[in-house]
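Here are my notes on the model you sent. Please read them with the structure open beside you.

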Amino acid sequence: MTAEGTAVPRKRGAVVAALMLAMALAALDSTIIATAVPQIVGDLGGFSVFSWLFSGYLLAVTVTLPVYGKLSDTFGRKPVLIAGMALFLAGSLLCAAAWDMAALIAFRIVQGLGGGAIQGTVQTLAADLYPLKERPKIQAKLSTVWAVSAVAGPALGGLLAAYADWRWIFLVNLPVGALALWLVARHLHEPVRKVREGVREQGRRVRPRVDWAGALAVFACGGVLLTAIVQGGVAWPWLSAPSLALFGTGALLAAATVVIERRAAEPIIPGWVWKRRTIAAVNLALGALGLLMVAPTVFLPTYAQSVLQLGPVAAGFVLSVMTLSWPVSAALSQHVYTRIGFRNTAVVGMGAAALILLSFQLMPYPGEAWQPALIMLLLGAALGLVQLPLIVGVQSTVGWAERGTTTASVLFCRQIGQTVGAALFGAVANGVLTSRLGGATDLDSAARDPGAPGVRAAIDGAVDAVYLGSACAAGLALLVLLLVAPRRFPVLNQEPADEPAGPSATRPAPPAEAQRPSATRPAPPAEAQRPSATRPAPPAEAQRPSATRPAPPAEAQRPSATRPAPSPEAQRPSKTPLTPPPGAQQNHPHHTPRTD
């Protein structure tokens, strides 16, 4: 048992290995397919819609995060994670058997439906398994998984597409996922909880309520709006009929979602995720983080190849250095936030990130490859002080029954920020190119012919504008942290002893009011009070201290020779001359029953 009252599972290492393998599935799937697109298009056709291989997966992951977060709070993490992994593996098998581009896109969406459960539930389980002081360990491991996937994914996808077949990109998920699935099923044992068993009302058992109408409304609203954002300015103009129709439909669905969630007994997106300052501030800050991450992940590779004239491998290295410094900084962040707090640590990291993004404007044209690489190295170190402290901090302000919803909320906002950022900064880059080159053009078309007169300088100016916008997003996040987030996060002082999931956690969970310290906490159990066997307990009226009762005379306080010896508890020294009766100890807000 740790100091925080968190039970440590005997086989926690096996569960952590399963979580890392599961996260590797979701992380690799977003990078491994990129280098195999030419082979896929050459085999299946559908070049005009191949971008939906990425957009469809991203949309499915994003809109299902809140749903899976609520389900994990209702039914537990294990069934949600197992269902998500099984769905992801089924989608991988179907993708390998796809017969045309439309089928492959549909099966990628099935993969995304499982990927949403994996991403949200793994992050929640990381907080369940580790107490507050040890959570940076698991978060650093998960960050390392993403870093390795970012570097190894494109290379592995290219090797499989070149020397085997592009279908092996999806088949390789099956053995990895099967091992992770077995480890989770074998070693992850959650405690039995009232929220999973249902509560008894008037002698009958009531099953947990699931807001399926709200889940469908969230899925439909998010899908329509994200489709409008992703495809606007790409598949059709922003002010065209399809774009306006999607935005109008999304607005109506958003209004319907608000009405449904307000009437629901257990809403998918409860109102408290925006009413509590800490959670609302982290939501907004991570949304801005997703927004600013678009500049390095989407536009830097184009800059490296078109402006710096680097090859694909060297361009990938310029970006990958950020994934090397990020997990190292995240692992060391605990030494910072334990001294200055979660918010101040994030403020330092975000302020440094804003300055680093602004420094991109100072690079000479065309510049050297080491210059953007150095900027990305410093940016990864700065952002490692932002994301992990905020996630760990916000998870520590809620109990088990709210942790899944809270984690899904912040991840959902980060995904929304990335989606909005891709559309917003894409429009900014295209606007700069149009103004410099004249006529309607976009970044993809210009990057295909960087040797044309003025194109190289125009791309440099477009990426500069995108990085300036990312610096503004960092400044917005900084304002949110300073003005909205509390200076000290209201961390729960004591977590339930059986709160984390693990093989050794088998006791039932305490009631909800026991999750937060309170001055009116119920009295400890009778065995914890241990009255002396030789001294009878005083009557009930004697246990209540009275302001009018006169103090006993001095001689009454001295032990008598004929009085039976007090119990060992009574022999221990006390800060007051008179040991309070047991009833007074129970009512004292700072009394802790002895357990030795």
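1. Burial. Of the 596 residues in the chain, 48% are buried. Bear in mind that this is a predicted model. The accessible surface of the chain is about 28100 Å². Carbon and sulfur atoms hold 65% of that surface.

2. Secondary structure. Helices number 27 in this chain, and strands number two.

3. Cysteines. How many disulfides does the structure hold? The count is zero. Cys95 has a relative accessible area of 0%. That is under the 20% cut-off, so Cys95 counts as buried. Cys472 reaches 51% relative accessibility. Exposed means over 50%, so Cys472 falls in the exposed class.

4. Cavity count and volume. Searching the whole structure with a threshold of 30 Å³ or more turns up one cavity. The volume of the largest cavity is about 30 Å³.

5. Cavity lining. Which residues line the largest cavity? They are Leu65, Tyr68, Gly69, Ser72, Gly120, Thr121, Thr124, Gly404 and Ala408. By type, the lining has three nonpolar residues, six polar residues and no charged ones.

6. Helices around the cavity. Three helices each give at least two residues to the lining of the largest cavity: α3 (52-75), α5 (101-129) and α20 (400-437). Which of them gives the most? It is α3, with four residues in the lining.

7. Ser329. Look next at helix α15, residues 312-332, where Ser329 is found. Is Ser329 buried or exposed? Its relative accessibility is 11%. The limit for buried is under 20%, so Ser329 counts as buried.

8. Partners of Ser329. Set aside the neighbours of Ser329 within four places in sequence. Ser329 is then in contact with Gly380, Ala381, Gly384 and Leu385.

9. Points to check on screen. Start with Cys95, buried at 0%, and then turn to Cys472, exposed at 51%. Go on to the lining of the largest cavity, including Tyr68, Thr121 and Gly404. Finish at Ser329 in α15, and find its contacts, Gly380 and Leu385 among them.

Definitions and conventions. Residues numbered from 1 in each chain as written. Predicted model: local features only at pLDDT ≥ 70, side-chain atom pairs only at ≥ 80, totals over all residues. Heavy atoms only, no water. Disulfide = S-S within 2.5 Å. Buried < 20%, exposed > 50% of the residue type's maximum accessible area, 1.4 Å probe, protein only. Areas by Shrake-Rupley, 256 points an atom, 1.4 Å probe, with all protein chains shown as cover. 1 Å grid on protein atoms, 1.4 Å probe; cavity = no way out; pocket = protein on both sides within 12 Å on 5 of 7 lines; lining within 4 Å. Points joined across faces, edges and corners; volume = space filled by probe spheres on them. Nonpolar A, V, L, I, M, F, W, Y, C, P; charged D, E, K, R; others polar. Contact = heavy atoms within 4.5 Å.
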